[in-house]
Amino acid sequence: MPRDPRFDVLFEPVRIGPKTARNRFFQVPHASGMTNAAPHVRAAFRATKAEGGWAVVSTGACSVHPSSDDSPFPCATLWDEADVRAHAVMTEAVHAEGALAAIELWHGGAAAVNRTTRHPPLSPSGVPWMATHVGFMSSARPKVMDGADIRDLIRWHAEAAVRAERAGFDILYVYAGMGYLPYQFLMSDYNHRTDAYGGPMRNRVRLVEELIDAVREATRGRTAVALRISLQELRARPSESAPSEAHEVIGYLKDAPDLCDVKMDYSATDCAASRYTPEGSHEPVVDFVKTLTDRPVVGVGRFTSPDTMVSMIRRGVLDLIGGARPSIADPFLPRKIEEGRVEDIRECIGCNLCISSWHDGTWVRCTQNPTAGEEWRRGWHPERVARDGRGRVLVVGGGPAGLEAALTLGRRGFEVALADRARAFGGRLAWESSLPGLNQWHRVVDYRLGQLARMPNVALFPESDLAPEDVAEFGGDHVVIATGARWLARLCGANELPAGPLEAPRVYTPDDLAAGALPEGPVAVFDYDNYYLGSAIAEHLAGRGRAVSYITTAGAAAAWGFMTNEQPLVHQSFARRGIALRTLQIVTGFDGETLRLAQIFSGEETRIGARSLVIVGYRAPGSTLHDALAPAARPGSLHLTGDARAPGAVVHAVYQGHRTARELGLAEAEIVLRRDAPFAPRDVPLPEVAE
Ligand code: ADP
Ligand code: SF4
């Protein structure tokens, strides 16, 4: 189909200094967790986006010098020749797909505490970054940079710029955002200097200007130089000479870079979960930038709607549509708009499992796109599968795993029947996406049902509760069981080991609530699952007028939500909704009127009144249907997948469903699993040691 002319503006080329982007789609720097240790994995991940139509494809942060070491977080480097080779694999792959390659040169300053390289962290004035947050906590306090340190920093950027150009990059970033070293110079909280780099904003901006100049001079203007800057805090601060400090900074820097990449300051606002933050949330902070500079401006906002993108251009907010998460969920987003296939876009759901991968120290995972990170290792492409399927497959269970399995099997060419006992497909998401803030998660279901509806070789059977005899009667070549897991009404012991079943009135699990139960108040939600569901249920019950106490074994609400940037927002939401929070507690008993609690370390007992208890704890895998079928001698193959095999988050169910479908019918030798390896570092002569 031809593309909608409304979207033509998105496909105009944009000049960025000496380079030209073929359209307005710009994959801004984002963490992939793929360091130089996995150069081919990284290259394939990034090049897939170039193939999908992104005009610029960027790396994540690349350290310019060992004094900026983010370990144990995955951290790419550009320190030596081995690093040049590692990055060149990516730039070659990106260029081959017709896109420009950008590199985010990065010095973390006090925000990178150099756990491996053991350099003292550098800072303008010795103020630590977020030292109170356990994820970034360190006992190392930063060194105050003297004049020589500042000259070194500028030189390291210039040397890294030379290496970056040799590695094939077209656009070189100076990174003054997210708490990193140049940002610390901009902010009066971190910069107490009395020299030419401190004091008034004119001085605080000097380092950033000098870094931009140094990078430009190092490559003699052959590469474009981009400035990435966080403006949230600066915009909130008054200035004597401008509407805010952000206006003042952009005023000074307006002619310095070839491109301005503008963003928020903190992971939780910059990469905000959809649970609490809508598409386009950066606009109120960055909307003024284009009024002050003629340079092209790129910004993000989890844009998946082409209409919103067009509006950002037409209203003069942005020149280039930045994408990080939308490009992970659908590397082919630009192409789909270009080819008039908007309904094929696999929209990001804003769950932030991707950023959790970085916090976990591993390659990026995506709930919507199971192929992310597997392009090279498993040879999975987000849009293509081998069309090698022969025969009929019955998929039982139409949750995330079953839907993904049916879709991928359908694409392989199998005749697929997908059955679910429920009237609506979607499994756990059918109900969970009705909880406060989770409606965008239903995109997992919408995308797959939309695709399946157009596949002539896939038939859908809702309201079909299948027993073993029904499966036998179907008589297909393969059966995939994706029947999900069950939540257990069990308490846990002090070490969160499972305790026996709880015999008491008005005890509920999420499955009971999904089936329509509405517990009497006051209600206690005991969460030792510690991801999103316990807190979402607490919000749901508060919204239905119940007095809610949320109790958790962890030290914070939705403790694992730290990994997905949700946790601070969950606490704010609890405060707004009047949900009482009790941390570091286990529930030791409940009789329908009183809940007994014990502090997990001291054992100190408390009692609170509650008429009902919701337990969000363990889920049991397994499937009676699968177990009944397994021993029977039957032709074809039988597969157990998704939560029925091993309960997990939706990301795991989609991934397992995809993998089951990709591998169904293949011999072990046909399944690809490649191991990547880093390039050997250049030999560095060791210092002479006296005998
Ligand atoms: P997953 O996350 O692994 O996809 P879900 O729990 O989200 O698991 O989905 C499992 C789906 O399987 C549910 O929609 C449920 O209705 C369906 N289901 C379970 N048992 C049967 C059965 N015997 N026949 C048909 N559908 C079933
Ligand atoms: Fe979007 Fe979630 Fe995928 Fe991240 S993991 S790109 S937030 S769908």
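Q: Is Tyr-550 buried or exposed, and why?
A: Tyr-550 counts as buried because its relative accessibility is 0%. Buried means under 20% relative accessible area, exposed means over 50%, and partly exposed lies in between (1.4 Å probe, protein chains only).

Q: What am I looking at, by the way?
A: This is a predicted model: local features need pLDDT of at least 70, side-chain atom pairs count only at pLDDT 80 or more, and totals for chains, interfaces and linings use all residues. Residues are numbered from 1 along each chain as its sequence is written, chains are lettered from A and ligands numbered from 1 in the order in which they are written, and side-chain values use heavy atoms, with hydrogens and water left out.

Q: Back to Tyr-550. Which strand is Tyr-550 found in?
A: Tyr-550 belongs to strand E23, residues 548-552. Strands (E, at least two residues) and helices (H or I, at least four) are DSSP runs, numbered from the N terminus.

Q: How far apart are the C-alpha atoms of Tyr-550 and Ala-580?
A: They are separated by 6.0 Å. Along the chain, the two residues are 30 residues apart.

Q: Now Thr-91. Where is the place of Thr-91?
A: Thr-91 sits in helix H2, residues 81-96. Thr-91 is buried too, because its relative accessible area is 2%.

Q: Leaving aside neighbours within four places in sequence, what is Thr-91 in contact with?
A: With those neighbours set aside, Thr-91 contacts Ala-101, Ala-167, Gly-168 and Phe-169. Contact means heavy atoms within 4.5 Å.

Q: New topic: ligand 1. How many residues surround ligand 1?
A: There are 20. Ala-401, Asp-420, Arg-421, Arg-428 and Asp-643 are the closest. A residue is near if one of its heavy atoms lies within 4 Å.

Q: Which polar backbone atoms are by its oxygens?
A: One in Pro-400 is 3.1 Å from an oxygen atom of ligand 1. One in Ala-401 is 2.8 Å from an oxygen atom of ligand 1.

Q: How much of ligand 1 does the protein bury?
A: Ligand 1 taken alone exposes 580 Å², and the protein buries 90% of that. These areas come from the Shrake-Rupley method with a 1.4 Å probe.

Q: And ligand 2, how many residues surround it?
A: Ligand 2 has 14 around it, and the closest are Cys-348, Cys-351, Asn-352, Cys-354 and Cys-366. Helix H13 (325-329) and helix H15 (353-360) each give two or more residues to that shell.

Q: Which one gives the largest share?
A: H13, with 3 residues.

Note on methods
A polar contact is a pair of N or O atoms within 3.5 Å; within protein, one must be able to donate a hydrogen and the other to accept it, and residues adjacent in sequence count only if both atoms are side-chain atoms.
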